[in-house]
Amino acid sequence: MKQLLFVCLSVLLSHVLSAQKVALVLSGGGAKGLAHIGLIRALEENNIPIDYVCGTSMGAIVAGLYAAGYSPDQMEELFKSEKFKFWSTGKIQEEYRYYFNKPEESSEWLSFDLQKKDDKFKLQLPTNIIPEEQMDFAFMEMFSSTNALCNYDFNQLFVPFFCIATDVYNNKEVQLSSGDLGEAIRASMTFPFYFKPIEIDGALVFDGGLVNNFPAQNAMNTFKPDIIIGHKVANNASKPDEDDLMAQLENLMMQKTDYQIPPGKGILIESSFSNVGLLDFDQIDTIEAIGYKNTRQLMDSIKSRIHRRVPLGEIQEKRETFNRHKPVLEFQNVQAEGIDDGLQRKYIIQSIKHRDRTFSSDQLRENYFKLVSDPQIKSIRPIAIYNRKNGYFDLHLKVKQQTPLEINFGGNISTKANNQGYLGMNYRYFKNRAYTLSSNIYLGRFYNSVKIGGRVDFPSNLPVYLSTFLTFNRWNYYSNNAKFFFQDAMPATCITEDNNLRFELGVPVGTRAKLTFNSALTNRKNSYYLLTDIQEDDSQDQTAFRTFSSTISLDENTFNYKQFPTEGVCAYAGLSFIAGEENYSPGTATREAEMLNDQTHNHRYWQFRGLYDNYFKLSQQLSIGLYGEATYNNKKLFTNYQSTILSARAFSPTPFSKTLISPNFRANKFTAGGLKTIVNFNDQFQFRLEGYAFMPFRKMTTEDGMQVGIQKFDSSNLAIMGLGGLVYQTNFGPVSLTANYLENKNTRWFLVFSFGYVLFNKSAY
């Protein structure tokens, strides 16, 4: 009888132990949440079962990946990948930077939409620092097949899962246990101001950490586990100082969370970190190791509370079986939502699908980023829904059309004379074609410009655009740059005016390049002093060059930054025909000295220009750049030395060199090259060291500052230019402190602090 009772008790105890269920609760904490991977790794290695997972913010990402069938090794590989770096920063991979849609470069820092509401116009401020397109596509790509397998029920995942988000309007938590897994995780980790909120079931949702950063009680109510293992990697906001604005905002936004597990219901593991910021994902090895170490230290306590074991091999086999049944992510039907106009929907669908019956996620990725780059589109959130009838996914594009009117602000602030402000305006409209009307103005002591024009895009298998722009440029080279100014010939100032009307047709060449056909009418006028002995009221000498030009060019650009890039390639090859009339009019001093009279000359010539600028990544911290440039034309000399120099092409590979006129770096025929070394302290902060050599095939010379001659090729004419300094790429523009060297008879070194862009509206050729 006693033996029978013992057997029954043993069977009952075995059943109770085998039925013991474990829930894993993971807190938010930004990059600190990578420690959750170390926790999961330690639990699996010790055969501790994980029957349910849940989390908030970064905890939701790790928990969601685990529930979707990702192993700790796969999660670690993902977070270390270049792919993760791009979607966590919003930057577009080099191969998907669609150059064809890229507008002409400008000095803008910020863009604001101008909306009309209640008969009033108001500026709409940006809602997020990090662009959302990369993240939205990544979440769709990673979780759509999982959604299809679990039939949009999170209880049917590899392990059951939920996450916490915040209803913005009602300021309350939302528990997401079904629907689109990627959307749920995306909502839970959408930290205000960093990422753009999304709408789920009619509610605008933000990061769940605002209201509940550790959903242990939710796990008890939902899963009813026997025991909880909780991992805390964050704390409530500390009491703010009266001068600490960020701490005050954190206290206002984030409700206090109870980082506790109900008594007797589980084990709390705490991982604390120093010097780990919200987005310091590059410290994954250190962060994950801390989570692993802290879990191992409490393993005896965990094992004493959890008697059930699941061998690691069994977990891996179950995971492989789960992943094997996921359908391949291939698409057939496309729907565009949020667009009422039928022609606009057709434009978007045609841009994605073209004439293909089906398309893969790789094909979609290329076309998606092409469409995202379209200035007519504000945002596109892709949702993939599995169609069980045909075995393909239906692609639903949640489109927001760009507000028609956009205002841009920018410019450059510098310790030199090239300070300038920038104001731009774009009006966008699209039906079956996309129309963009643009205008801008630069105002400053050194550079002033006005540009107005527009572009029409025709979507087809081979997209085409037509554009036309009228531009008025004016550069004022002041005497504070005189040490670089025609060596010692020019004492005061030179003014260059370039007014042009351009017409352009462009077609894409792959993703990264375009072929353009350009024609232009230009009136370029240079005002300068030929003589050094002048009076205050003396008028300047003037050379006007009125031209018609035609250019065919192949242009490629995948740079990650407009100025001081660290990756990508910029290449250009262009052939131009220029025909024009040169008109020289002497200034007061020159006319009185009777040295030169009014003169007119006709010029017809061909010009070839090539440029190659490429960056190569040698390691995580070190990159090098190779630069080459060449110009060749058969242009005749102009009336005098200064007009010939001013009409010659300038070699100006650095921002500061674009603000100077130096004869040592101007010629009608030249070749030049350079080498750049970039030490990347992180994705935004860099040290640059650049060196360039310029060799003219024929150097223009003068004996008296007026008459111009040609010197045959001489290796001694080689001129050196260089730059060294620190650059920090902000979300608005680069901040730089550089020492600039230009080989010249007199002063050669310039120390320049600058914020913003040294960019100008285009000249004609």
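Visitor: Why are helix 6 and helix 7 called oblique to each other?

Guide: In this predicted model, helix 6 (residues 133-150) and helix 7 (residues 181-188) pack at an angle of about 140°, their axes being 7 Å apart. Axes are lines fitted to C-alpha atoms, for helices over the stretch in contact, and angles run from 0 to 180 degrees between N-to-C directions. Angles under 35 degrees count as roughly parallel, over 145 as roughly antiparallel, 65 to 115 as roughly perpendicular and the rest as oblique. The pair is therefore oblique. Helices (H or I, at least four residues) and strands (E, at least two) are DSSP runs, numbered from the N terminus.

Visitor: Which residues of helix 6 and helix 7 meet?

Guide: Met135, Asp136, Phe139, Phe143, Thr146 and Asn147 of helix 6 meet Leu181, Gly182, Ile185 and Arg186 of helix 7; contact means heavy atoms within 4.5 Å. These residues divide into 5 nonpolar, 3 polar and 2 charged. Ala, Val, Leu, Ile, Met, Phe, Trp, Tyr, Cys and Pro count as nonpolar, Asp, Glu, Lys and Arg as charged, and the others, Gly among them, as polar.

Visitor: What makes Ser57 count as buried?

Guide: Buried means under 20% relative accessible area, exposed over 50%, partly exposed in between (1.4 Å probe, protein chains only). Ser57 has 9% relative accessibility and therefore counts as buried. Ser57 is placed in the loop between strand 2 (52-56) and helix 3 (58-67).

Visitor: Why is helix 3 described as largely enclosed by the rest of the structure?

Guide: The description applies because 10 of the 10 residues of helix 3 are buried. Among them are Met58, Ile61 and Tyr66. Just after helix 3, Gly69 takes a positive phi of about 100°.

Visitor: Which residues does UniProt list for "active site"?

Guide: The unreviewed UniProt entry lists Ser57 and Asp207. Although spread over 151 residues of sequence, they cluster in space, with a largest C-alpha distance of 6.0 Å. UniProt positions are given in the numbering used here, feature names are shortened, and annotations may be inferred rather than shown by experiment.

Visitor: Is Asp207 buried or exposed?

Guide: Asp207, in strand 8 (residues 203-207), has a relative accessible area of 3% and is therefore buried. Its contacts beyond four places in sequence include Ser57, Ser188 and Met189.

Visitor: How are the residues numbered?

Guide: Residues are numbered from 1 along each chain as its sequence is written. Local features need pLDDT of at least 70, side-chain atom pairs count only at pLDDT 80 or more, totals for chains, interfaces and linings use all residues, and side-chain values use heavy atoms, with hydrogens and water left out.
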